[in-house]
Amino acid sequence: MSHAETFLPSNHNSQTHSMYGAKRWLWLMGFIPPALPVFGYLLVQATGWPLFYWFGPIFILSVVLIDFIVGVDKSSYAVSEIAAVENESYYRWVANLVMPIQYGSLIWSAWMLVHGGLNAFDTLGLAATLGIANGICITNAHEIGHKPEKLERWLAKFVLAPTFFGHFTTEHNGGHHVWAATPEDFSSARMGESFYVYFPRTLIGGIREAWTLEKQRLARRGMSHWSWRNDALSAWIVTPVLFAGLAAWLGWSVLPWLILQGFIGLTMLEMVNYVQHYGLLRAKRRDGRYQPCEPRHSWNSSHLATNIMLYHLPRHSDHHAHPMRHYQALRHFEEAPQLPTGYAGMSLATLIPPLWSRIVDPVLVAHAEGDLDRINVHPPAKARLARRWAAARSAP
């Protein structure tokens, strides 16, 4: 048994379910996000309401509502069941079929953006919906990009291409999983750091990290980093090839819409990244190295709707304990800090920093037992936060 297996979910004995559990068929709902533009168009045709070209934002708000209504699902597989459920090919192909659906939706949407006869408002709505679809699909790339099979690794590159985020797998696997919940991690948001400060830091830092990691890896093998073997570089190349192909077919007028939707998609990813480790801090040991990443170093949410749409990504503690573990087997940890709602709602809250701080900071401070030295604090905000929480402790 690994060190991480000692952190068993508190519901481990009472809420396990078999490999043919209730959620087995719910995972097929993961096919909905990549097809959001098509669903929106069908609703426009069925109702006559062009508002449904904005189906992407409507869908996100609907998931927020469903998370509140349906609530939390804490059920987990027993450790003894995990190997069997991970070997079921059904789950692998559910994840792998996202990319073909995504690309069918992308190609159709690109055609509609140019030749669909839409007015400016409807065109903007369709571009936003396409961006949201591709942004949600990044969670699929996250899942399959952790797997050792070559098919999954290449599928991840194509899933990431519409959002210019081909370097994600390299940076995430080799950087974030090493430094998560430390000041050194570009993807771990700090307490007091607004999303708008975090966004450029993580975006630029992630690109640099991916390039550095591949440069070092290839140097150890005696190879040039200017090579197709550079995983970040080969993934980046897919984006201009894809966009150039669509522009050659549809005309260059499609490019601004492709760029806009890509920016929306990568912004959605960074909103989720902001949530996952906000303010959480791994302590340093006597030898100067950080302690292993434990359940308490990731924010968790087991709200059913968001977890189904994001391949259990919100069960983030088990993912960091077992990065290669398949999505269907990830477990709930009661011991981890819990978000009040699913990733959909919490991601939207990141866009309003005062609201985010009001919701999350008290939970974070309580998790650290009031000790700001146990929190990953944004350096420019440290004095302000120390005064604020000192005053809060002294208040009657």
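Reader: Which residues make the nonpolar surface patch of about 590 Å²?

Author: In this predicted model, the patch is made by L61, Y196, L348, L351, I352, L355 and I359.

Reader: Where is I359 found, and is it buried, partly exposed or exposed?

Author: I359 is found in helix α15, which covers residues 353-367, and with a relative accessible area of 30% I359 counts as partly exposed.

Reader: Okay, switching to rings: how many aromatic pairs does the structure hold?

Author: The structure holds 25 aromatic pairs. One of them is formed by Y90 and Y91, whose rings are 5.1 Å apart from centre to centre with 75° between the planes, an edge-to-face arrangement.

Reader: Are those two tyrosines, Y90 and Y91, buried or exposed?

Author: Both Y90 and Y91 are buried.

Reader: And why is the pair of Y198 and Y274 called edge-to-face?

Author: The planes of the Y198 and Y274 rings stand at 75° to each other, with the ring centres 5.3 Å apart, so the pair is edge-to-face; the cut-off behind this is that planes over 60 degrees apart count as edge-to-face.

Reader: Which helices does that pair link?

Author: Y198 lies in helix α9 (residues 195-220) and Y274 lies in helix α11 (residues 255-276), so that the pair links distant parts of the chain, 76 residues apart. Y198 and Y274 are both buried.

Reader: Which aromatic cluster do they belong to?

Author: Y198 and Y274 belong to one cluster that also takes in F195, Y196, F199, F263, Y278 and W356. Y196 is also one of the residues that make the nonpolar surface patch.

Reader: Which buried residues does helix α4 have, and what do they pack against?

Author: Helix α4 runs over residues 89-96, and its buried residues are Y90, Y91, V94, A95 and N96.

Reader: Since α6 came up, where is T129, and why does it count as buried?

Author: T129 has its place in helix α6, and T129 counts as buried because its relative accessibility is 0%, whereas the cut-off for buried is under 20%.

Reader: What does T129 touch, if we skip residues up to four places away in sequence?

Author: On that basis T129 touches L36, P37, Y53, W54, F55, G56 and P57. T129 and P33 are 96 residues apart in sequence, while their C-alpha atoms are 9.6 Å apart in space.

Reader: New topic, backbone angles: what is the phi of F164 near?

Author: Phi of F164 is near 60°, which is a positive value in a residue other than glycine. As background, most residues other than glycine have a negative phi.

Reader: Where does F164 lie, and how exposed is it?

Author: F164 lies in the loop between α7 and α8 (168-179), and F164 is partly exposed, with a relative accessible area of 27%.

Reader: What about the phi of E369, and where is that residue found?

Author: E369 has a positive phi of about 55° although it is not a glycine, and E369 is found in the loop between α15 and α16 (382-394). With a relative accessible area of 64%, E369 is exposed.

How values were computed. Residues numbered from 1 in each chain as written. Predicted model: local features only at pLDDT ≥ 70, side-chain atom pairs only at ≥ 80, totals over all residues. Heavy atoms only, no water. Patch = residues over 30% accessible without salt bridge, like charges linked within 9 Å, V, L, I, M, F, W, Y side chains within 5 Å. Areas by Shrake-Rupley, 256 points an atom, 1.4 Å probe, with all protein chains shown as cover. Salt bridge = Lys/Arg side-chain N within 4 Å of Asp/Glu carboxyl O. Helix = DSSP H or I, 4+ residues; strand = E, 2+ residues; numbered from the N terminus. Buried < 20%, exposed > 50% of the residue type's maximum accessible area, 1.4 Å probe, protein only. Phe/Tyr/Trp six-rings, centres within 6.5 Å; stacked < 30°, edge-to-face > 60°. Contact = heavy atoms within 4.5 Å.
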